[in-house]
Amino acid sequence: MSNSNTTRRRGRRGHQIVASRGRIGDYRSGAPTWIKALTEIITNSHQSFHSMMDEGHVFKEKPKILIVANMQAETFTIIDYAAGIFGTWDDVEEVLFKYSKFHKKTHTAAGRSSFGRGMSDVLYRDFENVCQIRSKQKNGTSFAVETFWDNKGTADADPTYEEIINKNDPLMKLISEHGTVITFPWRSEYEKNNPFPNEIDLERKLSKYFELKNVLNDKEIDVELIFQKADGTDYKTTLKFFDYKKEELTSELSNVKLDIDFRKCKKCIDKYT
């Protein structure tokens with residue numbers, strides 16, 4: 001898992017908090033769809049922005065959460081310029097391996113989860129998942145890790161991570177002051193029932209997903225989507241929650257024909273049949 005530009009060393013293996021044998025199945029059953037995986041991260045970013053606002057932080061420009069979907073690589077990258085998700089190595093291990101319930105300080109390890117299960121649902125949902133998280137705090141403290149499974153597919157499987165060591169890391173440069181960058185794959189070859197979406201499907205489902213209603217309706221924070229197509233062009237839009245009140249019915253109810261006429265079907269209305 002190394003290349004010429006990036007070297008990695010194993011995380012603090014002797015001190016890691018790994019899933020116990022009884023919880024391996026729980027790790028792998030989380031975030032079953034890409035929309036749930038994205039929602040976990042997006043809501044975390046959204047709450048982290050508001051925590052900073054509540055603490056008096058003034059942003060130079062309107063805060064935004066950026067979703068980059070790369071169709072060719074079949075990866076999602078979520079970028080925010082809120083508080084970095086990691087402040088210490090203890091934070092790294094807590095975010096990666098512990099399930100935590102939401103509380104106000106969502107930019108801390110114990111708080112950046114709105115579903116009470118944690119980032120592990122996204123990072124370790126599949127033995128083939130190799131994800132990356134980059135984090136920078138306002139004080140300049142930064143962390144970059146890659147998550148994966150040790151001994152995958154065996155009884156000794158453990159979720160673990162390695163530190164990414166790259167002084168010229170281009171993704172880390174995206175958060176020059178503070179923020180978090182999370183990249184995770186969604187391989188269609190493994191996701192037969194829920195393959196990587198096209199730009200229309202992605203925008204439509206995110207805009208109609210009720211769990212994102214408050215986020216997408218928030219006038220203080222924008223959620224921007226960049227869909228990188230296989231032909232090298234990009235589709236860009238700012239996501240807004242779908243206004244169901246303005247949706248028009250495609251047909252009048254009086255025009256809807258049923259295959260059965262209940263007025264003529266005694267058996268259908270007989271309470272004993």
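Guide: A salt bridge here is a side-chain nitrogen of Lys or Arg within 4 Å of a carboxyl oxygen of Asp or Glu. The model is predicted, so local features need pLDDT of at least 70 and side-chain atom pairs pLDDT 80 or more, while totals for chains, interfaces and linings use all residues. Residues are numbered from 1 along each chain as its sequence is written, and side-chain values use heavy atoms, without hydrogens or water.

Over the whole structure, nine salt bridges are found. One of them joins E224 to K64, with N and O 3.7 Å apart. This pair links distant parts of the chain: E224 is in strand β8 (residues 222–228) and K64 in strand β2 (residues 64–70), 160 residues apart. Helices (H or I, at least four residues) and strands (E, at least two) are DSSP runs, numbered from the N terminus. E224 is partly exposed, with a relative accessible area of 22%, and K64 is also partly exposed, at 25%. The scale calls a residue buried under 20% relative accessible area, exposed over 50% and partly exposed in between, with a 1.4 Å probe and protein chains only.

A second salt bridge joins D169 and R134, whose closest N and O atoms are 2.6 Å apart. It too links distant parts of the chain: D169 is in the loop between β6 (158–165) and β7 (179–185), R134 is in strand β4 (residues 131–136), and 35 residues separate them. D169 and R134 are both buried.

D201 counts as buried because its relative accessible area is 18%, whereas K205, at 34%, is partly exposed.

The aromatic side chains come next. Rings of Phe, Tyr and Trp (its six-membered ring) pair if their centres lie within 6.5 Å; planes under 30 degrees apart are stacked, over 60 edge-to-face, and the rest tilted. The whole structure has eleven aromatic pairs. W89 and F143 have ring centres 5.1 Å apart and planes at 85 degrees, so the pair is edge-to-face. Because W89 lies in helix α3 (residues 89–97) and F143 in strand β5 (residues 142–150), the contact ties together parts that are 54 residues apart in sequence. W89 is partly exposed at 23% relative accessibility, and F143 is buried at 8%.

F127 and W149 are likewise edge-to-face, because their planes stand at 80 degrees, with the ring centres 4.7 Å apart. F127 is in the loop between α4 (120–123) and β4, and W149 is in strand β5, so this pair ties together parts 22 residues apart in sequence. F127 is buried, with a relative accessible area of 17%, and so is W149, at 5%.

One aromatic cluster is formed by W34, F76, F184, F196 and F227. K208 lies over the face of F242, 4.4 Å from the ring centre; a charge sits over a ring if NZ of Lys or CZ of Arg is within 6 Å of the centre and within 35 degrees of the ring normal.

On a 1 Å grid over the protein atoms alone, a cavity is a set of points where a 1.4 Å probe fits but cannot get out; a pocket is an open set with protein on both sides within 12 Å along at least five of seven lines; lining residues have an atom within 4 Å of a point. Grid points are joined across faces, edges and corners, and a volume is the space filled by probe spheres set on the points.

There are two cavities of 30 Å³ or more. The largest has a volume of about 60 Å³, and its lining consists of R125, D126, E128, N129, P185, W186, R187, Y190 and E191. By class this lining has three nonpolar, one polar and five charged residues. Ala, Val, Leu, Ile, Met, Phe, Trp, Tyr, Cys and Pro count as nonpolar, Asp, Glu, Lys and Arg as charged, and the others, Gly among them, as polar.

The largest pocket has a volume of about 330 Å³. Of its 15 lining residues, F59, E61, Y81, E177 and H178 lie nearest the centre, and the lining divides into seven nonpolar, three polar and five charged residues. The second largest pocket has a volume of about 230 Å³. It is lined by 13 residues, with T75, V130, T183, P185 and R187 closest to its centre. β3 (75–80), β4 and β7 each give at least two residues to this lining, and the largest share, three residues, comes from β7.
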